[in-house]
Structure formats: structure tokens, C-alpha cells
Amino acid sequence: MPELPDVVVYLEALERFVGGRRLEKARVVSFSLLRTFDPPLSEVEGRRVVGFHRIGKRLVVEIEGDLFLVFHLMIAGRFRWRKRGAPVPKRVGHAAFDFPNGTLVLTEQGTKKRASLHVHRGEKGLTIHDRGGVEPLEADPEAFARALRRENRTLKRALTDQRILSGIGNAYSDEILHRAGLSPVTLTSRLDDGAIDQLYKATIFTLTEWVQRLRNEVGDGFPEKVTAFRPEMAVHGKYRQPCPVCGDQVRRIVNASNETNYCATCQTKGKILADRALSRLLKT
């Protein structure tokens, strides 16, 4: 799922490609995508794009006339920039948005179509998408600490809970915790001020670093390789590969469809955390 760094770079690319331009036609072919009916999507046609915002992992495109398009790409939704009038791809295509200089295509791989588009009139409508988490790159250390300590959660859950911190998901939470040298299952109530500060600095450093990495990768182009698994990552998606810091094997915890990657040497003082999926397999 595109997270804060990916969404930031997406929005910057959209501003370069379609900012100030007129949205000529919105072609939605997937019934699962559009989640609102008033105002109708057709109302944005013929109007200029005047702004871009991020709400957590959602991308907000502001259209003149106080209209807003809110996209949530979920796990497999992706934007593609194509020649003007490009068709919506079969099977994976959701929609196409035509501009004078090209067409923005929205696709989603897989059989489960979860990506969504909401159309709102007025900023008040955007409040339903705000889960209330603090912006990690805008919060000072005190606000960050208050957010983490509001509920007693494991660090992995706390970092990915959009009611606590906005925009962080499975991938970057693994990277943040590895950089901080903290276990993903440590409870927030057990963190002293020093550990909170350590986590705060790791969060700022990791997100800032990856925003810049992705900016450098995209340059003046459009993001085409948005993925949660990147070779430069330390532990996320690196199960059984060596940790770049200590060389120990990267471990994992599997819970339903989510996987947490960590280094036991760097994060848990050598303790191997229980992997529920592996435990069930061995029991069977």
C-alpha cells in the first residue's frame, strides 16, 4: 500500500503534470471505485485542478468550484501517466482522467478491488477521511509522545494505526523500528522518555530519507514503480536475508495478511518472536 513517502511523491508528480490544467473527462469503468453519488463525478469535468493534499494515505485533488477528489489506493491501486485519450486497461483498469497534455489512468492488480474514489463539495466533506492521527513529519516530540501514549498498543500497531500517526503503514513501520532498535511487540506503556525520543528521531529520519529517495528516483517524471518492497530497505520484505547492520537473519511475524519483519539482534536482544503462522503450520 502506498504510504506517506509514496503519496507525497505521487502528489508532487500530479502537481507537475496536471496542476492548473483542465480536467476534460473523467471515465470510470469500475463500479467498485466510485463511493459517492452527490455531487456527481461529471461535475468536475471542464474544471481546472487547483490544489493537492494528503490525508493519511489518501490523495486529495482539489478542483475549482470547491470540489475535491479523494483517492485511496489501498494495497494494489496505482496511477499511470499515459498519452491523451489512452484506454482504461481491461481487468486491472478502474478509471482514466483526460487532460490536455495526457491521461491519468488508475489501475488495481488482483481480484479484490479495494481502491476508492470519493467526490466531495466543500472541505467539510474531507473530515470523514481524517482518522485523527498526528502528522509524523509535522509533530514535535511532545505531540508525538502524547499520541503514542494515548493507548497501550504494541509499537507495530501504534505506528500503523491511523488514529495515532497519519500515513505510516506496514513497510515503513518495519524500517522505523529497525532504525530505532526497538521490538515491534514492545508495548507503548513500557517506553521511557529516552525510547520515545529514539523512536521519534527514527520516524523523522526514515520518512524524510525515503521521501528524498523516491524524489530522486522519479526526477521530473511520473512514479511508475510504486512498491512496498525495495532493495534498499533494511528489513521490510527481507525475510531470511542478512540484516545490513549486524548480518543476522531477518525474521518475521505473520498475522493474517500482514507480515512484520525485524532483526532479533538489533531489535529484540536476540529473542525470536513467536510467528503464529509458523506455529500453526508446525502444529498441523
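**Stop one: the largest pocket**

The largest pocket has a volume of about 1,300 Å³. A pocket here is an open set of points on a 1 Å grid over the protein atoms alone, where a 1.4 Å probe fits, with protein on both sides within 12 Å along at least five of seven lines; the volume is the space filled by probe spheres set on the points. Before going on: this is a predicted model, with local features needing pLDDT of at least 70 and side-chain atom pairs pLDDT 80 or more, while totals for chains, interfaces and linings use all residues. Residues are numbered from 1 along each chain, and side-chain values use heavy atoms, leaving out hydrogens and water.

Now select Lys57, Thr160, Gly169, Asn170 and Asn258: of the 45 lining residues, these lie nearest the pocket's centre. Lining residues have an atom within 4 Å of a point. Next, colour strand 11 (258-263), which gives the largest share of the lining, four residues. Strands are DSSP runs of E, at least two residues; helices are H or I, at least four.

**Stop two: Ser30**

Jump to the loop between strand 2 (25-28) and strand 3, where Ser30 sits. Is Ser30 buried or exposed? Ser30 counts as buried because its relative accessibility is 15%, and buried means under 20% relative accessible area (1.4 Å probe, protein chains only).

**Stop three: helix 2**

Finally, select residues 141-149, helix 2, and pick out its buried residues: Ala143, Phe144, Ala145, Ala147 and Leu148. These buried residues pack against helix 3 and helix 5 (193-218).

Key. Buried means under 20% relative accessible area, exposed over 50%, partly exposed in between (1.4 Å probe, protein chains only). Contact means heavy atoms within 4.5 Å.
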